[in-house]
Amino acid sequence: MIGRLNHVAIAVPDLEAAVAQYRNGLGAKVTEATDQPDHGVTVVFIELPNTKIELLYPLGENSPIRNFLEKNPSGGIHHICYEVDDILAARDKLKAEGARVLGDGEPKIGAHNKPVLFLHPKDFFGTLIELEQC
Ligand SMILES: C[C@@H](C(=O)O)C(=O)SCCNC(=O)CCNC(=O)[C@H](O)C(C)(C)COP(=O)(O)OP(=O)(O)OC[C@H]1O[C@@H](n2cnc3c(N)ncnc32)[C@H](O)[C@@H]1OP(=O)(O)O
Ligand SMILES: [Co+2]
């Protein structure tokens, strides 16, 4: 069901410092920061030849990454995003097998203007999973 690795996301306490480290230290190609108000985060993508790294910074009072950064004040790997062909079919299969789909269970439009859903980290061995329909 899952296809390519779309991105690995890292929550960071200082977005400018993280961008500078990736751009200058690692020589990475970095996109402009964009606010994702529906998701409570500001994101920057690091474009690698075979995948992307998403740097996440909290946006607004109810950001879903606020608790994570409180527990991991230096930052940390927050989620991995797999591509799927049919997100509703993937959701329904996972739900039928007992996995918890986060939020209201309906896909939201993600940072690439495509539908995304999140799956509870406790159902996937401690890793928060994002599915993106590509
Ligand atoms: C823009 C878009 C895109 O790419 O297109 C994005 O990525 S938006 C990316 C941001 N959006 C999201 O993350 C949306 C989905 N996330 C959520 O709904 C939430 O963040 C949850 C994953 C449910 C966590 O919520 P919250 O922090 O309130 O819960 P909590 O602190 O009580 O955590 C419950 C348990 O899960 C663990 N836990 C929490 N976040 C985790 C993570 N990212 N990875 C692994 N484990 C995690 C906690 O340590 C805790 O375990 P213990 O009980 O053992 O201590
Ligand atoms: Co993501």
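## The loop between β3 and β4

H39 has its place in the loop between β3 (34–36) and β4, strands and helices here being DSSP runs (E, at least two residues, for strands; H or I, at least four, for helices) numbered from the N terminus. This is a predicted model, in which local features need pLDDT of at least 70 and side-chain atom pairs count only at pLDDT 80 or more, while totals for chains, interfaces and linings use all residues. Residues are numbered from 1 along each chain as its sequence is written, chains are lettered from A and ligands numbered from 1 in the order in which they are written, and side-chain values use heavy atoms, with hydrogens and water left out.

H39 counts as buried because its relative accessibility is 15%, where buried means under 20% relative accessible area, exposed means over 50% and partly exposed lies in between, with a 1.4 Å probe and protein chains only. A polar atom of the H39 side chain lies 2.8 Å from the backbone oxygen of I109; a polar contact is a pair of N or O atoms within 3.5 Å, of which, within protein, one must be able to donate a hydrogen and the other to accept it, and residues adjacent in sequence count only if both atoms are side-chain atoms. With neighbours within four places in sequence left aside, H39 is in contact with P64, K108, I109, G110, V116 and F118, contact meaning heavy atoms within 4.5 Å. D38, also found in the loop between β3 and β4, counts as exposed at 57% relative accessibility, and its C-alpha atom is separated by 9.7 Å from that of S63, 25 residues apart along the chain.

In helix α1 (residues 15–25), the residues L15, A18 and V19 are buried. Seen down the axis of α1, these buried residues fall within an arc of 100 degrees, so they line one face of the helix; the arc is that of the directions from the helix axis to the C-beta atoms. The face turned away from the buried side carries the exposed residues E16, Q21, N24 and G25, while β2 (29–30), β4 (41–47) and β5 (52–58) are included in what covers the buried residues.

At the start of α1, a side-chain oxygen of D14 reaches to within 3.2 Å of the backbone nitrogen of E16, and just after the helix G27 takes a positive phi of about 65 degrees. Further along, T31 has its place in the loop between β2 and β3 and is partly exposed, with a relative accessible area of 25%. Not counting residues up to four places away in sequence, T31 touches V44, F45 and E47; the C-alpha atoms of T31 and E47, 16 residues apart along the chain, are separated by 7.7 Å.

## Helix α3

Helix α3 (residues 87–96) has I87, A90, R91 and L94 as buried residues. Viewed down the axis of α3, they fall within an arc of 100 degrees, so they line one face of the helix. An α-helix has 3.6 residues a turn, so residues three or four places apart point the same way. The cover over the buried residues of α3 includes β6, β8 and β9.

A side-chain oxygen of D86 reaches, at the start of α3, to within 3.2 Å of the backbone nitrogen of L88, and the helix is followed by G98, whose phi is positive, near 100 degrees.

## The largest pocket

The largest pocket has a volume of about 830 Å³, and of the 36 residues that line it, P64, H78, L102, F118 and L128 are the closest to its centre. At least two lining residues each come from β4, β5, α2 (66–71), β6 (76–84), β8 (115–119) and β9 (128–133). On a 1 Å grid over the protein atoms alone, a pocket is an open set of points where a 1.4 Å probe fits, with protein on both sides within 12 Å along at least five of seven lines, and lining residues have an atom within 4 Å of a point. Grid points are joined across faces, edges and corners, and the volume is the space filled by probe spheres set on the points.

The lining divides into 15 nonpolar, 13 polar and 8 charged residues, with Ala, Val, Leu, Ile, Met, Phe, Trp, Tyr, Cys and Pro counted as nonpolar, Asp, Glu, Lys and Arg as charged, and the others, Gly among them, as polar.

## Positive phi outside glycine

N113, which lies in the loop between β7 (108–109) and β8, has a positive phi of about 60 degrees although it is not a glycine, and at 65% relative accessibility N113 counts as exposed. F125, placed in the loop between β8 and β9, has a positive phi near 60 degrees and is likewise a residue other than glycine; F125 is exposed, with a relative accessible area of 80%.
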